[in-house]
Amino acid sequence: MVTGPGGRETADGAVLVDKGVIAAAGPRATVEAQAGPDVPRLAFPEGTLLPGLIDTHVHLALDAGPDPVETLRAATDTELYPGMAERALRLLGTGVTTVRDLGDRGGLAVRLREEIAAGLLPGPRVLAAGTPLTGPGGHCWFLGGEVEGADAIRAAVRRNAESGVDLIKVMATGGGITKGGPPVWQAQFTTQELRLVVEEAQRFGLPVAAHAHGTEGIEAAVAAGVDTIEHCTWMARDGFDVREDLVAAIAARGIAVGPAASPDWRGFAERFGRERAEEMFGRIRWMARRGVRLIPGTDAGVSRAVFDGFVSSLEFFEHIGMTPAEIIDLATTGAAQALGISHDTGRLTAGHRADLLVVDGNPLSDVQALRSVRLVVAGGRPFSPGRRLPRHELRSCRPEQPTPAQADRYPSSAPE
């Protein structure tokens with residue numbers, strides 16, 4: 001049993017779960033003595049028990065196909081929702097018990113979060129960002145979050161907060177999947193505008209995640225005080241512009257960086273050019289060595305970023321020189337701390353959510369062991385890998401009918 005960061009383990013460990021919470025964790029003999037005779041027991045003598053994994057960057061509304069944006073735009077919310085539930089289930093089957101959804105349409109991820117939390121659907125815990133803020137015609141404009149000017153920025157943050165999101169997402173720069181949008185290196189907001197996003201989010205107690213490929217956008221995001229920077233690839237008009245002073249500021253301010261390494265990162269290197277890809281990969285290694293806190297995320301939903309490839313994404317961190325124990329920390333305790341949920345998940349300790357993963361072998365010595373999933377428990381609910389949603393459950397995955405205001409903001413969510 002993995003008992004803490006740094007590769008700490010107990011050779012013969014156990015956890016006792018009561019009402020979705022870890023009641024006790026430690027040596028098996030000690031824990032078993034606290035369990036009554038009627039408590040069901042599961043034993044995996046050749047396996048390893050560790051906290052459930054955390055994927056900090058997914059898009060459940062996208063299908064990871066050749067053109068996920070066009071697929072999304074062609075579908076109504078009623079049609080999208082069952083696919084989102086299936087994709088959440090696929091993540092759960094790989095041992096991921098918490099996901100951070102960084103942009104959807106019409107509040108569907110919030111709806112899915114609530115149905116999973118209520119036990120109506122199986123799935124990981126969902127932290128939902130709702131509709132990401134972007135400039136007019138900007139990156140992911142099709143999700144409904146176009147804003148221009150201070151009043152529109154404040155209103156968009158407020159709408160998201162009132163819809164029940166867990167964080168605010170802002171597109172500080174352009175992105176690759178938006179056809180006809182600004183280039184990936186181009187900043188979409190000024191530093192002052194990003195400060196408005198952060199200040200308004202703080203009024204509601206919400207953290208801010210900033211999508212930023214370009215150095216200008218990264219600089220603005222750091223100055224604005226965002227909590228995480230997604231991608232952080234240091235792009236500029238004519239190549240790359242790596243700023244050591246910005247890296248030092250990111251590390252000093254505790255801003256977490258999510259490279260969003262796709263499960264297809266090896267294929268990306270082939271398509272992008274091995275030499276250029278290794279230059280980009282090397283910058284992530286360089287940031288980590290300068291004290292920047294990295295967090296794992298797959299960007300699942302964009303083309304080739306599948307929902308059952310979290311381990312492939314973790315192998316990227318092995319490629320840049322991290323040990324298996326460091327990678328396990330990255331995907332459990334480290335991710336929980338960066339997302340502000342370490343008070344109740346990320347470790348096997350009494351009082352935490354029962355987010356558990358059992359695999360064959362020992363992932364502390366070989367990350368590949370994470371592929372051999374035996375059992376997943378999310379919030380105390382056990383899940384057998386390979387399960388698919390029955391058709392009657394899929395039919396029940398229907399979002400509530402939108403209010404008139406929601407229908408105006410998200411035309412695709414209007415009743416069919």
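**Close-up 1. Strand β10 and its parallel neighbours in the predicted model.** All 7 of the 7 residues of strand β10 (residues 208-214) are buried, so β10 is largely enclosed by the rest of the structure. The coordinates shown here and in the other views come from a predicted model. Strand β9 (residues 168-171) runs parallel to β10 and is joined to it by 4 bridges. Within that pairing, I168 has V208 of β10 as its bridge partner. Strand β11 (residues 228-236) also pairs with β10 in the parallel sense, over 5 bridges. There, G214 has M235 of β11 as its bridge partner. Two crossovers involve β10: β9, α6 and β10 make a right-handed β-α-β unit, and β10, helix α7 (residues 215-224) and β11 make a right-handed β-α-β unit as well.

**Close-up 2. Helix α7 and what covers it.** Of the 10 residues of α7, 7 are buried, and the helix is mostly covered. The buried residues are T215, G217, I218, A220, A221, V222 and A224. Their cover includes α6, β10, β11 and α8 (244-252). Following α7 is G225, with a positive phi near 90°.

**Close-up 3. The contact of helices α5 and α6.** Two packed helices are described by the angle between their axes and the distance between the axes. For helix α5 (residues 150-162) and helix α6 (residues 191-203), the axes come within 9 Å and cross at roughly 35°. The crossing of α5 and α6 is right-handed. On the α5 side the contact is made by A150, I153, R154, V157 and R158, which meet E193, L196, V197, E200 and A201 of α6. These contact residues divide into 6 nonpolar, no polar and 4 charged. Helix α6 is also part of the β-α-β unit with β9 and β10, and is among the elements that cover the buried residues of α7.

Close-up 4. Three strands in the order β6-β7-β8 form an open sheet with parallel pairing. The edges are held by β6 (53-58) and β8 (125-128); each has a single partner strand, so one side of each is left without a neighbour in the sheet. Neighbouring strands are turned by 15° against each other on average, direction ignored. Strand β7 (residues 96-101) and β8 run parallel and are joined by 4 bridges. In this pair, V99 has V126 of β8 as its bridge partner. Helix α3 (residues 77-93) packs on the sheet, where it touches β6 and β7, and its direction makes about 135° with that of β7.

Close-up 5. Helix α4 (residues 108-117) is mostly covered, with 7 of its 10 residues buried. The buried residues are L108, A109, V110, L112, R113, E115 and I116; among them are the charged side chains of R113 and E115. They pack against α3, β7, β8 and β16. Of these elements, β7 and β8 belong to the parallel sheet, whereas β16 belongs to the antiparallel one. Just after α4, G119 takes a positive phi of about 80°.

**Close-up 6. The antiparallel sheet β5-β14-β15-β16.** Strands pair through backbone hydrogen bonds, either parallel or antiparallel. In this open sheet, 4 strands follow the order β5-β14-β15-β16, and the pairing is antiparallel. Each of the edge strands, β5 (47-51) and β16 (381-383), has a single partner strand, so one side of each is left without a neighbour in the sheet. From one strand to the next, the twist averages 20°. Strand β14 (residues 356-360) and strand β15 (residues 373-378) run antiparallel and are joined by 4 bridges. Within the sheet, V359 stands opposite V373 of β15.

**Close-up 7. R266 in helix α9.** R266 is found in helix α9 (residues 265-272). Its relative accessible area is 43%, and R266 is partly exposed. Between R266 and F316 there are 50 residues in sequence, counted as their separation, and 8.4 Å in space, C-alpha to C-alpha.

Conventions. Residues are numbered from 1 along each chain as its sequence is written. This is a predicted model: local features need pLDDT of at least 70, side-chain atom pairs count only at pLDDT 80 or more; totals for chains, interfaces and linings use all residues. Side-chain values use heavy atoms; hydrogens and water are left out. Two strands pair if DSSP finds at least two bridges between them. Axes are lines fitted to C-alpha atoms, for helices over the stretch in contact, and angles run from 0 to 180 degrees between N-to-C directions. A crossing is left-handed if the near helix is turned anticlockwise from the far one by less than a right angle, and right-handed if clockwise. Contact means heavy atoms within 4.5 Å. Buried means under 20% relative accessible area, exposed over 50%, partly exposed in between (1.4 Å probe, protein chains only). A crossover is right-handed if, with the strands pointing away from the viewer, the path from the first strand over the helix to the second runs clockwise.
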